[in-house]
Amino acid sequence: SKIKAVLAQRAKGKTIRVILADDLTRQLTCPEEPAKVPAEPMDFEALGFDVKNGNLSAVRCDGDEVVVPEGVVTMDSDAFSGKPCLRAVRFPSTMEDLGGCAFQECPELEKVVIEPGMTELCENAFDGAQALKIVELPNTIRKICNGAFWGCTALEEVYLYSYSYDGSSDGPVVGASAFEGCTNLYGVYFQNSWSDIYPRAFAGCTSLTDVVLPDSLTVIPEGA
């Protein structure tokens, strides 16, 4: 995903507005001496996140858009509990595991952006996120596990980008029931390198009309 930065002021001590993809925004302050400021440990608590040893256990910041900071690697399944108004989340490149069913208590969540770095979407990652419409997956994803988007009835389009690998192992795969029950899904677009689609991956996707398959895909199982 692309990041646009708009500098509101360049003078010392002025505010810099950083615009992340689409409408995910946050405010930063330009340091008094911007040249070669020593890196400091991330103050997750001050940003509204409970993080220990890279694991996110709770999101305490308010608002309907959340940008999870760099350094977070995993998260508890209830990290986003009590966020009924959450509409959009961006995960950093350090994120490795979203956990299962983490967004069941986020009935308004519409968009999730994952920065390049994550290689696998775990089982039932977005199970229960019934308002989810847009998911931007990075080209580092090698596996979408079983039931990852099961029952995401508002999901409309999925882009599965190319993954660069040396051919020494199997290519990226879409697991069983990965998108089962996504009744509003109308478009699935594969780029080259995806090699396998498991049974029932798109079962019950009654609105599916546009499918682009790659040359690297050799077998489509019955009932996929």
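1. Glu115 and Arg90 form a salt bridge, with their closest N and O atoms 2.4 Å apart (a salt bridge is a side-chain nitrogen of Lys or Arg within 4 Å of a carboxyl oxygen of Asp or Glu). Glu115 sits in the loop between β9 (111-114) and β10, and Arg90 in strand β8, so the pair ties together parts 25 residues apart in sequence. Strands (E, at least two residues) are DSSP runs, numbered from the N terminus.

2. Please keep in mind that this is a predicted model: local features need pLDDT of at least 70, side-chain atom pairs count only at pLDDT 80 or more, and totals for chains, interfaces and linings use all residues. Residues are numbered from 1 along each chain as its sequence is written, and side-chain values use heavy atoms, leaving out hydrogens and water.

3. Are Glu115 and Arg90 buried or exposed? Glu115 is buried, at 12% relative accessible area, and Arg90 is buried too, at 3%. Buried means under 20% relative accessible area, exposed over 50%, and partly exposed in between (1.4 Å probe, protein chains only).

4. Another salt bridge joins the side chains of Asp50 and Arg60 (2.6 Å, N to O). Asp50 is partly exposed at 22%, whereas Arg60 is exposed at 55%.

5. Now for the sheet: 4 strands form an open, parallel sheet in the order β10-β12-β14-β16. Its edge strands, β10 and β16 (196-197), each pair on one side only. Two strands pair if DSSP finds at least two bridges between them. Leu121 has Ile144 in β12 as its bridge partner.
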